[in-house]
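Please keep the sequence and the coordinates at hand while reading.

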Amino acid sequence: MANTACGLALILFISSVASGVSAAAPAASFGRKIFDVRSYGARGDGKTDNAIAFTRAWKDACQWKGSSRIFVPLGTFYLGGVTFSGPCQNRISFIIKGTLLAPKDANAIKQDTWIIFKYVDYLTVSGGGTLDGQGTYAWRLNDCSRNPNCRPLPMNIGFQFVRFSRISRIKSVNSKMGHFNFFAVSYFEITRVSIRAPGDSPNTDGIKIGSSHHMKIHDVYIGTGDDCIAILSGTTNLDIYSVNCGPGHGISVGSLGRFKDEKSVYGISVRDSVFTGTSNGVRIKTWAPSASRNIVSNFTFQSLQMINVGNPIIIDQQYCPNNQCSKMSHSQVQIQHVKFNNIWGTSTDKVAVKLQCSAIAPCKDVELAGINLVHRGLDGPATALCENVHGWTRGKISPPSCI
């Protein structure tokens with residue numbers, strides 16, 4: 001009987017986190033304690049490097065046996081590259097009221113991400129503050145558009161091996177490369193986050209997710225020079241809704257298939273969101289040729305508004321930037337069980353629906369339902385293009401379906 005009760009408690013605990021309900025942390029043997037970074041010598045003058053002070057505050061807070069709160073007050077806190085590692089004794093919050101300011105020089109950050117949280121459970125990052133990556137000073141160093149072996153610049157903030165956690169009410173501006181990076185994260189919520197960089201800033205993806213599962217992204221505003229959200233290898237059970245995306249490249253799955261050991265991506269939902277002035281709406285892209293034979297499956301794109309979007313609906317299985325691949329190459333990534341439902345608005349490209357699948361692994365079970373996309377250019381009304389795709393349509397479809 002005792003074993004049954006324990007098992008039921010564990011199931012209820014995991015279910016509550018997956019549904020967005022705050023899960024109970026381990027029982028605290030001490031009370032809550034606030035760790036103000038100023039008590040560790042931090043100065044919000046915009047020029048003193050506070051990396052050591054922040055790291056010391058984190059260490060003490062992480063070791064506190066009760067719930068702990070690191071507090072960053074109003075002010076501009078210059079911060080070199082830092083890593084906040086766990087595991088911690090109990091629930092921990094990182095409250096940012098002021099602005100964290102990255103070094104202008106990308107070489108001053110000796111890691112691939114400016115601020116990293118890793119091996120932490122029950123983490124909350126919030127407070128209404130700002131992460132300023134000062135990317136305007138580094139974007140000229142980015143040559144990735146012409147150099148496939150380019151040196152990545154630091155991203156603003158990363159979460160690695162973090163569980164049962166959330167980030168909310170945080171602004172990220174002008175990252176040197178991507179803004180938020182998630183790797184091997186589970187049961188994580190991202191909400192009420194604002195991500196901004198100019199539309200022509202290179203490779204400034206808003207949110208990148210890889211090898212993660214059971215995440216929610218909702219009520220966020222993302223405008224950058226690259227993907228608003230990029231969903232990468234090994235990501236499963238991801239729910240995205242109430243996103244305002246633009247400018248940028250839309251919400252993308254991939255690119256996938258470039259590397260041999262990539263994992264499948266499945267269980268992705270994108271719904272109730274608006275795309276404004278983006279080069280793409282919702283996109284799945286896989287490399288041709290591809291080094292892996294992973295599967296992309298069980299996707300739902302639903303109730304999405306497109307406002308002057310370049311490619312509102314696109315599957316691109318001939319993805320290969322910089323013209324470095326043979327036109328005769330084919331992707332081995334299998335795309336299947338994908339629904340495009342209730343998507344409407346305006347397309348700046350005449351071909352508003354592009355489903356260009358692989359000749360050796362055709363797309364299977366693709367559904368178009370309730371599509372109403374309009375093109376008002378001089379070259380005529382919107383059209384659809386299909387290659388190597390099997391599926392069906394439901395309801396009214398405009399442009400006329402090519403499936």
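**Exercise 1.** Which residues does histidine 249 touch, not counting residues up to four places away in sequence?

Solution. The model is a predicted one, and the contacts of histidine 249 in it, with residues up to four places away in sequence left aside, are Gly225, Asp226, Asp227, Ser279, Asn280 and Arg283. The next step is to locate the residue: histidine 249 belongs to the loop that runs between strand 16 (236-245) and strand 17 (251-256). According to the UniProt record, an unreviewed entry, the annotation "active site" covers His249.

**Exercise 2.** Describe the surroundings of asparagine 142.

Solution. Asparagine 142 is placed in the loop between strand 9 (130-132) and strand 10 (155-173). Leaving out residues up to four places away in sequence, asparagine 142 touches Leu153, Met177, Pro202 and Asn203; with asparagine 203 there is also a side-chain to side-chain polar contact of 3.0 Å.

**Exercise 3.** Where does phenylalanine 183 lie, and of which surface patch is it a part?

Solution. Phenylalanine 183 lies in strand 11 (residues 180-183) and, with a relative accessible area of 39%, is partly exposed. Together with Tyr119 and Phe161, Phe183 makes a nonpolar surface patch of about 300 Å².

Notes: Residues are numbered from 1 along each chain as its sequence is written. This is a predicted model: local features need pLDDT of at least 70, side-chain atom pairs count only at pLDDT 80 or more; totals for chains, interfaces and linings use all residues. Side-chain values use heavy atoms; hydrogens and water are left out. Patches are made of residues with over 30% relative accessible area and no salt bridge: like charges are joined within 9 Å, nonpolar side chains (Val, Leu, Ile, Met, Phe, Trp, Tyr) within 5 Å. Accessible areas come from the Shrake-Rupley method with a 1.4 Å probe; for residues, only the protein chains shown count as cover. A salt bridge is a side-chain nitrogen of Lys or Arg within 4 Å of a carboxyl oxygen of Asp or Glu. Helices (H or I, at least four residues) and strands (E, at least two) are DSSP runs, numbered from the N terminus. Buried means under 20% relative accessible area, exposed over 50%, partly exposed in between (1.4 Å probe, protein chains only). A polar contact is a pair of N or O atoms within 3.5 Å; within protein, one must be able to donate a hydrogen and the other to accept it, and residues adjacent in sequence count only if both atoms are side-chain atoms. Contact means heavy atoms within 4.5 Å. UniProt positions are given in the numbering used here, feature names are shortened, and annotations may be inferred rather than shown by experiment.
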